[in-house]
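Thank you all for making time this morning.

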Amino acid sequence: MIVGIDLGTTHSAIGVVDSGFPILLADEEGKRIMPSVVWFGADGAVEVGRKAQRRRATDPMRVISSVKRWMGQDIVLENVGKSPEQVSAEILKELKRIAEWRIGAEVSKAVITVPAYFNDAQRAATKRAGELAGLEVARIINEPTAAALAYGLDKLKDKARVAVYDLGGGTFDLTILEMEEGVFQVLATHGDTRLGGDDVDAMIRDMLLDAAGDVPEEIRWRFLEEAEKAKRALSTELSYTIRIPFYDGSSSLEKTITRTDLDKMTKGWITRSLKCCQQAMHDSGLLLAELDAVVLVGGSTRMPAVREAVADFFQREVDVTQHPDEAIALGATIQAGVMSGAMRKMVLLDVTPLSLGIETFGGLMNVLIPRNTTIPCKAGEMFTNAADSQEKMAIRVLQGEREMARDNWELGKFEVMMEKLPKGQARVGVQFRIDADGILEVLARDTKTGKDTAINIASSAVNVDDAAVEEMVGASVEHAFEDMSERIFTEAKLKADELLPAVEMIMAQGFVEEHEREEIEAAVKDVKATMASAAANALKAAVQRLDSATEAAAARLVEKAMEEALERELGL
C-alpha cells in the first residue's frame, strides 16, 4: 500500500486507493483537510492541525505555520528550535496516524507532492521530512501534475493540452502539460515559491495593524486570523466587517473591508502570477488557442479577482470543477495507486445522476454526494443534536437537486439512538457509500457510544429514469431563485431562534453596557420584524447586525465564565 500526500503550505491531506477508487481520509472530526500548523510545547509536547491552531490563544509564539516556504533553507525556526524539515515531519506523522487509524493497517510508503518550481534542495528537504516521519518516499511529484491526474480521470479526450494554475497558501505554479493515453508530459512550468494566499492575509493584517497602532507581537496572531476570515468571506460577499474586541485587554478594532478594496490591494499580487503564466506560455511554444483547458486549483483560486484575471489572460473560461483544496491530494493518491498496482484494473464506472443527501433541521437538503460524482465513492459529515437531551436522530435519505428536503425524493429513513446531552454537544457521523453496482449504504454512528446503524438502498443511487432526472434538474433551475431564497430565510431564522434567547439572557444578567443597549434593542426589533415579513436577505442582514451588536457583551460573558471556572479550579 502506498498513500498519496499533499503537503501544503496552509493545509495538508492524505489519501489511499480503496477498491480501485482514490479517496481522501478524514480525521476523527470528519475533516479531510488538515491545517499545516504545529505547536511545540516547552515541555516537548507536540500538537498538529486544529489542536495546534487553538494553541495560538495561549501560546502563539510556539505555533508554527506556513513552514513550507522555508523548506530547503538551512535555518532553525525561532522559539521552537526546529528545522523546517522537522516541523514538516510532524505534519506528515499526523497524516500517517490518521491514515493508519482509518484503514487499520500500517502505512510505510508515500507519494508526496511539491510545487513544480521547487528546486533540488527543496525537494530533498521534503523527502527528508518524509523519512523523519517514518515514511519511505516512493516518489516526489509536482503539484500541477497531481492536479492534472485528478482532472484527467473523466474530463479529457484522447490527447489534450492543459494549463494548471495552482495558487495555494504559500506557493504558485503555472504548468502546461500534454496528456495522451495516460502519459503526462510537462511542456513548461514557471512559478514563485513565495507567492500565495498567506500574502493576502498579511496585506489585510498590516492594514489592520496600521489602524490599531502599536500592537504587541504576541497578540498579532489575532489580527492575522481575522484577516484570513475576511479574505475567505470576500470570495462570496461584497463586504465584510472585521471586529477584534479587547485585543489587548481594553482596545477594540472594527473595520469594514469591501471586495473592491481587496481587489485593489491584491492587483499587484495577481499580476505577479500572470507574469509566470506569460513566461510558461512562451517556454511551451504554444498559442493560447492551442490549450484545451485552463484548470484552477489551490484555495486562493476561490477569489473572484483571481478567476477573472486568469480568464482574461488565457482568453477563455477557466475550469473550476476540481475541489481547490483536494485536487492535488487526490492526484497524489492516484499516482500512489498506480505505483502500488491498486489502480491497474480501474475501469470506466457510472456516475450518480442526482445529488444524494439527508434532511437537516429546518427541512433543508444537505448534499453529501453531488450529482455526476463517479462511483464507487464515499462521503461523510458530522451532525449534532438540535435540542437538549435529544434521545434519537431521524436520518432521512434524499435524492434530488432542490434546496428544500420536501422537494426531493425520499430513498429511505431510519433512526439513530444517541446519548442525552445538551443541545449541540452530541455528535452523529453520517457516511454515504456507493459501490460499483450502484448500491447506496448509509451508515450513522454515535461518536460517543460508537454504535452504528446502517441501511442499504439497492440501485437507487444510479438507476433513475432519464426523463425523471431531466425533470428534477429542470425544476431545480426553474425554481433556483425561490429555492435559494427559502434556504437563506430558513438558515437565518434558525440562527435568529438561537440568538434571540441568548440576547435576552445577556441583557437580563447585566452584560450589556448602557451605550450598547439602544443599538441591541433596535437590532432585536429588526430581527423580529423581518422574521414576520419572511424577507430572506433582510432577515440574514438583521441577524448579522444583531450578532455584531452583541459581540462585545458576549465576549464579557465568556470572560466572566472563564474567571468563574478558574476560581472554582483554584478553590477561591
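**A sheet, some rings and a loop**

Let me begin with strand β5, residues 37–40, which is joined to β7 by three bridges, the two strands running antiparallel. Please keep in mind throughout that this is a predicted model. Within that pairing, Trp-39 has Val-63 in β7 as its bridge partner. The open sheet to which these strands belong has three strands, in the order β6-β5-β7, with antiparallel pairing, and its edge strands are β6 (46–48) and β7 (63–65), each of which pairs on one side only. From one strand to the next, the twist averages 20 degrees. Packed on this sheet is helix α2, residues 84–103, which touches β5, β6 and β7 and whose direction makes about 110 degrees with that of β5.

Staying with Trp-39 for a moment, what sits over its ring? The charged end of Arg-55 does, 3.9 Å from the ring centre. Arg-194, for its part, lies over the face of Trp-70, at 4.9 Å from the centre of that ring.

Turning to aromatic pairs, a search of the whole structure finds three. One of them is formed by Phe-313 and Phe-314, whose ring centres are 4.9 Å apart and whose planes stand at 80 degrees, so the pair is edge-to-face. Phe-313 is partly exposed, at 23% relative accessible area, whereas Phe-314 counts as buried, at 2%.

Finally, Gln-390 lies in the loop between β18 (377–384) and β19 (392–399), and its side chain reaches the backbone oxygen of Lys-392 at 3.0 Å.

How values were computed
Residues numbered from 1 in each chain as written. Predicted model: local features only at pLDDT ≥ 70, side-chain atom pairs only at ≥ 80, totals over all residues. Heavy atoms only, no water. Phe/Tyr/Trp six-rings, centres within 6.5 Å; stacked < 30°, edge-to-face > 60°. Buried < 20%, exposed > 50% of the residue type's maximum accessible area, 1.4 Å probe, protein only. Lys NZ or Arg CZ within 6 Å of the ring centre and 35° of its normal. Helix = DSSP H or I, 4+ residues; strand = E, 2+ residues; numbered from the N terminus. Polar contact = N/O pair within 3.5 Å; in protein donor to acceptor, adjacent residues only side chain to side chain. Pairing = 2+ DSSP bridges. Axes fitted to C-alpha atoms, helices over the stretch in contact; angles between N-to-C directions. Contact = heavy atoms within 4.5 Å.
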